[in-house]
Amino acid sequence: MKSASLRSFHESHTEPTAVRIPFQTLVHEMLEQLGEDPKREGLRQTPARVEASLKWLTRGYGMNVDEVIGDALFEETHESMICVRDIEIYSMCEHHMLPFFGKAHVAYLPNGRIVGLSKIPRVVEVFARRLQVQERLTDQIADAVMEVLQPSGVGVVIEAAHFCMMMRGVEKQNSRTVTSALRGIFRDDSKTRVEFLRLAHGGHHGE
């Protein structure tokens with residue numbers, strides 16, 4: 001049986017109502033309201049392309065942690081930190097529906113169980129491929145790894161650039177946002193925390 005927290009990951013997307021305006025009709029209307037002519041040659045197929053694109057970019061709503069991990073959990077006595085660095089992330093800001101992208105660094109300290117290394121990026125993908133804010137994305141990844149592996153601790157750092165800052169508003173193209181989530185021993189033990197941050201930042205994190 002799934003725990004309440006893991007069920008919330010899986011049930012976070014609202015089920016569609018019985019009556020919906022077709023997606024492509026909405027895009028057609030949006031183009032008109034932007035002052036464009038949806039019937040001109042370059043835009044005729046745009047509603048269909050936008051529908052396919054957005055559904056692909058938010059496909060995480062149809063994914064869950066149990067499915068992506070499958071049977072890749074193994075009993076193992078390894079007691080040192082496991083860190084997967086530089087996991088590429090592509091997501092969309094829920095405030096403006098503009099992309100943000102960057103890298104995630106995920107580590108955990110096993111407590112008798114490990115997971116196949118390729119599954120960590122897949123867990124990241126479950127949550128990144130949704131409308132998101134970076135802060136929540138960071139927490140969701142950490143909580144999911146804690147829930148599935150029940151390790152001694154988990155650390156997650158995400159460094160990302162946001163188009164809502166680069167293309168609009170303050171228009172700061174070189175800004176990066178860094179968020180972290182620490183669970184268990186990563187939060188409570190300073191040596192473990194410093195070791196993780198050094199790994200996450202490529203050995204350049206100061207004491």
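## Basis of the model

The structure is a predicted model, in which local features need pLDDT of at least 70, side-chain atom pairs count only at pLDDT 80 or more, and totals for chains, interfaces and linings use all residues. Residues are numbered from 1 along each chain as its sequence is written, and side-chain values use heavy atoms, with hydrogens and water left out.

## Helices α5 and α6

Helix α5 (residues 119-128) packs against α6 at an angle of about 135°, and the two axes lie 9 Å apart. Axes are lines fitted to C-alpha atoms over the stretch in contact, and angles run from 0 to 180 degrees between N-to-C directions. Helices are DSSP runs (H or I) of at least four residues, numbered from the N terminus.

On the α5 side, Val123, Val124, Phe127 and Ala128 meet Leu137, Gln140, Ile141 and Ala144 of α6; contact means heavy atoms within 4.5 Å. By class, this contact has 7 nonpolar residues, 1 polar residue and no charged residues (Ala, Val, Leu, Ile, Met, Phe, Trp, Tyr, Cys and Pro count as nonpolar, Asp, Glu, Lys and Arg as charged, and the others, Gly among them, as polar).

## Valine 148

Helix α6 (residues 134-149) also holds valine 148. Beyond its neighbours within four places in sequence, valine 148 contacts Val65, Ile69, Leu73 and Arg113.

## Helices α2 and α3

Helix α2 (residues 23-33) and helix α3 (residues 46-57) pack at about 115°, with axes 8 Å apart. The α2 residues in the contact include Phe23 and Leu31, and those of α3 include Pro47 and Leu54.

Definitions and conventions: Helices (H or I, at least four residues) and strands (E, at least two) are DSSP runs, numbered from the N terminus.
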